Amino acid sequence: MYKAFFKRFIDIAVSLVLLVATLPFTLIAAILLAFANQGKVFFIQQRPGLHGKPFRIIKFKTMNDRRDTTGELLPDAVRLTGIGRLIRKTSIDELPQLLNVLKGDISLIGPRPLLMEYLPLYNARQARRHEVRPGITGWAQVNGRNLISWEKKFEYDVYYVDHLSFGLDVKIFFLTILKILQGSGISAETSATIEKFRGSQKDAVIR
């Protein structure tokens, strides 16, 4: 009953409240990013949703579009602006995704929507993360976020799929608030964000 109905009802209700409550922060962030990114405020990209169906995710744009002499984008660490780093640390960059929640593209809680190019790289178990709507935050995000390996991240995602419940969602919600206040897990050890997923040959095992 919760998965089929109440989860979606809670998504809509909480998203509406959060959109209103965080409006001052989103307006300030939009103004600062407009100056930092030459007028570009939002980052919009196609991502896989429920059952891998594509949707367009919307976030605040925390990196500029600087490229090298061959036209390739520079590394994330170079393109991440000062204000963008602050907005990422406080997770304000995620707030526009509340609009995706209202549209039904994603949920407040669920496996994070990753890149479309990763779809053929998942093994059978990892692909199960798409059996539920992706989320703004999830079990993997409160258990290491970008500091854990891709394999471990997918273990947490599949665990969420198998144990989805109101109690688990509430736990993730409050742990997310704690993580935001701590500002932990934003970057991987070797990257300003996280290294790309290159594929995995082994099935993950939940422990």
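**Contacts, helices and rings in a predicted model**

User: Which residues does Asp11 touch, not counting residues up to four places away in sequence?
Analyst: A touch here is a contact, and contact means heavy atoms within 4.5 Å. Leaving out residues up to four places away in sequence, Asp11 touches Val101, Ser107 and Leu108.

User: Before we go on, what kind of model is this?
Analyst: Residues are numbered from 1 along each chain as its sequence is written, and side-chain values use heavy atoms, with hydrogens and water left out. Local features need pLDDT of at least 70, side-chain atom pairs count only at pLDDT 80 or more, and totals for chains, interfaces and linings use all residues, since this is a predicted model.

User: Back to Asp11: is it buried or exposed?
Analyst: Asp11 has its place in helix α1; helices (H or I, at least four residues) and strands (E, at least two) are DSSP runs, numbered from the N terminus. Buried means under 20% relative accessible area, exposed over 50% and partly exposed in between (1.4 Å probe, protein chains only). Asp11 comes in at 5%, so this residue is buried.

User: How far apart in space are Asp11 and Ile148?
Analyst: In sequence, 137 residues separate Asp11 and Ile148. C-alpha to C-alpha, the gap between Asp11 and Ile148 in space is 27 Å.

User: At what angle do helices α1 and α2 pack?
Analyst: Two packed helices are described by the angle between their axes and the distance between the axes. The axes are lines fitted to C-alpha atoms, for helices over the stretch in contact, and angles run from 0 to 180 degrees between N-to-C directions. For α1 (residues 2-21) and α2 (residues 23-36), the axes are 5 Å apart and the angle is about 60°.

User: What do you call that arrangement of α1 and α2?
Analyst: Angles under 35 degrees count as roughly parallel, over 145 as roughly antiparallel, 65 to 115 as roughly perpendicular and the rest as oblique. With an angle of about 60°, α1 relative to α2 is oblique.

User: What sort of aromatic pair do Phe5 and Phe6 form?
Analyst: Rings of Phe, Tyr and Trp (its six-membered ring) pair if their centres lie within 6.5 Å; planes under 30 degrees apart count as stacked, over 60 as edge-to-face and the rest as tilted. The structure holds 14 such pairs. Phe5 and Phe6 sit 5.0 Å centre to centre with 75° between the planes, which makes the pair edge-to-face.

User: And the rings of Phe42 and Phe60, what kind of pair are they?
Analyst: A pair of aromatic rings is described by the distance of the centres and the angle of the planes. For Phe42 and Phe60 the centres are 5.5 Å apart and the planes meet at 15°, so the pair is stacked.

User: How many residues apart are Phe42 and Phe60?
Analyst: Phe42 is partly exposed at 44%, whereas Phe60 is buried at 4%. Their pair links distant parts of the chain, with Phe42 in strand β1 (residues 42-48) and Phe60 in strand β2 (residues 54-60), and the separation is 18 residues.

User: Lys153 lies over the face of which residue?
Analyst: A charge sits over a ring if NZ of Lys or CZ of Arg is within 6 Å of the ring centre and within 35 degrees of the ring normal. Ring pairs link Tyr118, Tyr122, Trp150, Phe154 and Phe197 into a cluster. Lys153, at 5.5 Å from the ring centre, lies over the face of Trp150.

User: Is Gln38 buried or exposed?
Analyst: Gln38 isn't a glycine, yet has a positive phi of about 55°. You'll find Gln38 in the loop between α2 and β1. With a relative accessible area of 67%, Gln38 is exposed.

User: How about Ser91, buried or exposed?
Analyst: Ser91 also isn't a glycine, and has a positive phi of about 65°. Ser91 lies in the loop between α4 (82-89) and α5 (97-103). At 11% relative accessibility, Ser91 counts as buried.

User: Leaving aside neighbours within four places in sequence, which residues is Thr176 in contact with?
Analyst: Thr176 is in helix α7 (residues 166-182) and counts as buried at 16%. Beyond those close neighbours in sequence, Thr176 is in contact with Thr137 and Val142.
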